[in-house]
Amino acid sequence: MSASWANPLSARRSAEAAAADRVVGRAVAAGAPAGWRGLIADWSSDRQAFKVSWGKAMMWIFLLSDTFVFSCFLTGYMTVRTGSAVPWPNASHVFSLNIGGTELPLLLIAIMTFVLITSSGTMAMGVNFAYRRDRVNAATMMILTAGLGETFVGMQAFEWTKLILEGVRPWGNPMGAAQFGSSFFMITGFHGLHVTGGVILLLIVAIRLLRGSYEKSGNYQIVEIVGLYWHFVDLVWVFIFALFYLW
Amino acid sequence: MSTTTPASGQQQQHQQHPIGLYLKIWALLFLLSTMSYLVDYYQFHGLLRWGLIIMLMLIKAGLIVAVFMHMAWERLALACAILLPPLCLLVLVALMAIEADQMLLTHGLFFR
């Protein structure tokens, strides 16, 4: 332990010594506690790196961790797909819809993509209304967003049903490499779970907004925070769409 | 970044952007999604396909993060803290790509 700050003569120390202290990272500030107390003090002494509210900063950090979770799934999918000696099922065929006798490749997935992008657009407008403190319009936009999100989950349920009826299972399928099923159910399932959670969150916040629960604090920032989560769900879908369905 | 925010002194609590901005980005995302769908529809193959898919994916992701999630107007400290760590994932992807090639090789030997 350095005794430099306890030394009454420290004020007279040469500038060189102080510079050396800074180089080795010793605390030069007088009165700073050491040990565990010091650790706690250093991490909690009202230091602020991000000039945003804590709620927003924590949502961003949560989304960062979620980025890693989804990236691990997608990287795992890449690994089993590249490593499989059996041909991978052609997504363009597997996810095609037969409408009026013509096979339209990936049609349902394209519609799902458009629905989710639209929901992101309505969410952005809802956040904008919240900035303007227009709570009725903000809540309306959020409910609309939740409706579009639920439509997306419904279409995903339809897609799952179709594939299960065609014999796709996590351990095998009639179209090709067995890992297709496990990758598909894991990745889209986890994403669908996120969308479902987002819909619930959106509805809760929209109802609270309409009931005036945020009037006491006058702070509508929760709308922006929920919005961040919702845009992230859309962001993940962009990657799933490109890497799983189009690849 | 050369953004000139009107209330840079404040904590940017009240970002005011015209609704039209979101509509424009929404239209752009729609267009980009249509383009990536068409890549599959017209059955492009090889490098052209992968190039287009990845490029369109990154543009879409960038637009969502920058405009919809307002990252373009956040301070650099937050942007760096959130956007730089995912770059580590490139290492993971590179490692697993090597591993996958190895897997393919051993599968090829085993299932001969």
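**View 1. Buried residues of helix α1(B).** In this predicted model, the buried positions of α1(B) are Tyr22(B), Trp26(B), Leu29(B), Ser36(B), Tyr37(B) and Asp40(B). These buried residues pack against elements of both chains: α4 (91-94), α5 (107-131) and α8 (221-246) of chain A, and α2 (46-68) of chain B.

**View 2. Helix α1(B) from end to end.** The helix covers residues 19-41 of chain B, 23 residues in total. From its first C-alpha to its last, α1(B) reaches 33 Å, close to the 33 Å expected at 1.5 Å a residue. After α1(B) comes Gln43(B), which has a positive phi, near 55°.

**View 3. Chain B as a whole.** Four helices and zero strands make up the secondary structure of chain B, and the pattern along its sequence is α-α-α-α. Chain B has 112 residues, of which 13% count as buried.

**View 4. Residues 1-13 of chain B, with the confidence of the model.** Chain B has a mean pLDDT of 85, with 86% of its residues at 70 or more. Over residues 1-13 of chain B, in contrast, the pLDDT is below 50. This stretch has eight contacts in the model beyond near neighbours in sequence. For the complex, the predictor gives an ipTM of 0.86 and a pTM of 0.83.

Technical notes: Residues are numbered from 1 along each chain as its sequence is written. Chains are lettered from A and ligands numbered from 1 in the order in which they are written. This is a predicted model: local features need pLDDT of at least 70, side-chain atom pairs count only at pLDDT 80 or more; totals for chains, interfaces and linings use all residues. Helices (H or I, at least four residues) and strands (E, at least two) are DSSP runs, numbered from the N terminus. A residue is buried if 20 or more other C-beta atoms lie within 10 Å of its own, exposed if 12 or fewer, and partly exposed in between; C-beta atoms are placed from the backbone. The expected span of a helix is 1.5 Å times one less than its number of residues. Two residues are in contact if their C-beta atoms, placed from the backbone, lie within 7 Å. pLDDT is the predictor's confidence in each residue, from 0 to 100.
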